[in-house]
Amino acid sequence: MAQGVIAITEQRDGKFRKVSYEVVSEGRRIADGLACQLTAVVLGSGVDGLAAEIKKFGPDKIVALDDPALADYRTDAYTNAMAALIKAADPAVIIVGASVQGKDLSARLAARLDAGLAMDCTAVALQNGVLTCTRPMFGGKVFADVQIQGSPQIVVVRPNVMAIAETSKEGVVEKPAPQLGEIKTVVVEKLMDTGSKIELTEADVIVSGGRGTGGNFKPIEELAAALGGAVGASRSAVDEGWRKHADQVGQTGKVVSPGLYIACGISGAIQHLAGMSTSKMIVAINKDPEAPIFSKADFGLTGDIFQLLPAITEAVKKLKS
Amino acid sequence: MDIVVLVKQVPDTESLVQIAADGLSIKKDDIKWVMNPYDELAVEEALRIKEAKGGTVTILSVGGQKAQETIRTALAMGADKGLLINDPAAEGGDALATAKILAAALKNQPFDLIIAGQRAVDEDNYQVGAAVAELLGVPHVSLVVKAELLDGKIRCHRIVEGGTVVVEAPLPALFTTQRGLNDPRYASLPGIMKAKKKPLEVKTLAELGIDPGAVGAAGRKVVLKALRLPPQRKAVRMITGDTPETMAAELVRALHDEAKLI
């Protein structure tokens with residue numbers, strides 16, 4: 001009978017992505033609830049040091065799949081290696097982060113294993129040994145509670161949602177040779193943004209701008225910098241060419257869950273609200289007191305963003321100094 | 001180059017979504033149905049490849065009678081033919097069940113390239129493209145913003161957090177779309193007239209040799225227990241003041257002292 005939980009971590013260029021700590025912490029909670037073992041899997045090339053680093057989040061076992069062929073994420077190589085490991089281990093639950101990599105890998109793995117998958121979950125509840133996963137649909141306009149039949153149950157959790165928790169468990173590290181199978185794809189080039197830009201889906205603070213900016217994002221960038229956050233944009237700001245597609249928050253862009261979301265000059269189209277409604281705290285700043293964004297906000301300020309934003313930036317700087 | 005595009009008919013993203021009386025589905029009456037926005041990118045990219053290299057563009061969908069509208073839209077944009085899998089037993093499936101139907105339809109269909117949306121904006125599963133590729137045993141690349149056909153392979157620029165990764169896959173292959181790939185064209189009036197005469201075949205599961213118990217609602221591995229609206233936020237607290245500075249000070253104080261966020 002299928003037993004145990006496997007958490008698939010994610011690293012890039014030898015550094016864990018934050019969602020890795022989230023999936024191992026949540027995997028620990030699920031394994032405790034099911035009274036079974038948690039295995040954390042680290043895939044990459046030269047990932048010895050990383051395997052030890054994940055220990056503090058409490059896996060019973062850490063499996064390092066270490067091979068030059070796994071240096072960069074490729075769907076086929078990672079799927080082959082994980083599928084072989086999963087078939088041998090026969091786990092009840094697999095937990096993965098809903099990052100770009102995690103969504104891609106889990107989707108292909110589910111088809112390979114003929115397994116049920118709950119994508120981009122914002123909550124996982126365990127009752128009488130049964131997992132119920134909550135997942136936003138229609139970009140967050142509706143929440144669905146789902147249960148997965150059969151095994152393994154593949155639970156893919158939204159980044160920035162699951163709590164990170166350290167434990168004192170001392171997991172053992174194993175280094176089996178990965179079974180790579182046939183690999184057809186090749187990573188030719190990586191064109192990464194330079195500088196220390198914070199990824200929207202991982203940011204604790206997001207300051208977003210919309211049509212009301214008129215294309216001037218400077219005060220938004222300055223407030224984001226003061227708060228150590230990332231800059232987002234509404235669909236209309238992206239359609240106007242003011243920001244890149246990668247910055248778009250909404251049903252046809254990125255779905256984000258930061259601790260603090262500040263919407264500036266964004267009226268609050270349904271498709272935008274869908275992409276940010278799971279933010280923990282929402283502040284709306286808009287000159288139109290009737291803007292729909294205020295109905296989704298915790299704090300609202302009516303006024304000119306070009307006067308309010310510099311004032312808020314100054315107040316934040318004063319507080320931090 | 002024979003290209004197949006997977007499309008889905010979904011509620012327009014500006015639609016208000018309401019839960020039906022059964023608590024397990026959405027109210028479908030007042031909804032405007034459109035082609036999934038990411039599938040529009042897929043149709044456009046297929047047409048551009050066809051215009052450059054020749055070949056055919058086939059539109060494939062699973063859905064009810066109404067889904068024919070979406071296929072006709074793609075035909076009006078310039079695709080050559082359509083295939084709709086319409087069967088009551090195909091309805092209500094999860095992503096993997098739908099992928100099984102699409103893959104079965106593609107087993108009898110020659111293709112060099114399949115293009116799909118990265119996700120459908122209704123159930124947001126992000127699964128069907130990858131699952132279809134897996135079931136057909138071909139490589140896939142997701143979230144593509146630029147695709148170049150080279151000799152016997154495709155080079156894709158895919159968006160990841162914080163950058164772009166360039167991946168090559170041998171054909172036949174599948175890729176999924178991300179915004180930025182192209183700007184989809186609108187169907188022209190002559191295009192709409194021509195689309196009415198283009199072949200649109202409708203098939204049942206039996207015609208594809210699929211066991212109805214393995215797909216649709218009966219084949220679900222992800223069982224829907226309840227649909228609910230997101231938790232309501234408390235009423236907004238408007239921050240007022242005589243000057244931007246006093247408003248800013250009060251907001252920062254509240255975020256620091258009360259919310260403990262900064």
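**Note on a predicted two-chain model**

1. Start at one residue pair. A:Glu189 stands opposite B:Val166 in β9(B). The strands involved are β13 (residues 186–192) of chain A and β9(B), which pair in the antiparallel sense over six bridges. Strands count as paired if DSSP finds at least two bridges between them. Helices (H or I, at least four residues) and strands (E, at least two) are DSSP runs, numbered from the N terminus.

2. On provenance and numbering: this is a predicted model, in which local features need pLDDT of at least 70, side-chain atom pairs count only at pLDDT 80 or more, and totals for chains, interfaces and linings use all residues. Residues are numbered from 1 along each chain as its sequence is written, while chains are lettered from A and ligands numbered from 1 in the order in which they are written.

3. In chain B, 68 residues are in contact with 76 residues of chain A. Contact means that the C-beta atoms of two residues, placed from the backbone, lie within 7 Å.

4. Which elements of chain B supply at least two residues each to the side that touches chain A? They are α3 (95–107), α4 (128–136), β7 (140–150), β8 (153–160), β9 (163–170), β12 (222–228), β13 (237–238) and α7 (244–258). α7(B) gives the most, with 10 residues. By type, this side of chain B has 42 nonpolar, 10 polar and 16 charged residues. Here Ala, Val, Leu, Ile, Met, Phe, Trp, Tyr, Cys and Pro count as nonpolar, Asp, Glu, Lys and Arg as charged, and the others, Gly among them, as polar.

5. Chain B has two domains: domain 1 (2–219) and domain 2 (232–262). The bounds come from an automatic or database domain assignment. The domain centres, taken over C-alpha atoms, are 45 Å apart.

6. Now look at strand β6 (residues 113–117) of chain B. Five of its five residues are buried, so the strand is largely enclosed by the rest of the structure. Buried means that 20 or more other C-beta atoms lie within 10 Å of the residue's own (exposed: 12 or fewer; partly exposed: in between), with C-beta atoms placed from the backbone. B:Leu113, B:Ile115 and B:Gly117 point one way, B:Ile114 and B:Ala116 the other. In a regular strand the side chains alternate between the two faces of the sheet.

7. β6(B) has parallel partners. Four bridges join it to β1 (residues 2–6) of chain B, with B:Val4 partnered by B:Ile114. Five bridges link it to β10 (residues 173–177) of chain B, where B:Gly117 is partnered by B:Thr177.

8. Chain A contains eight helices and 18 strands. Of its 321 residues, 59% are buried.
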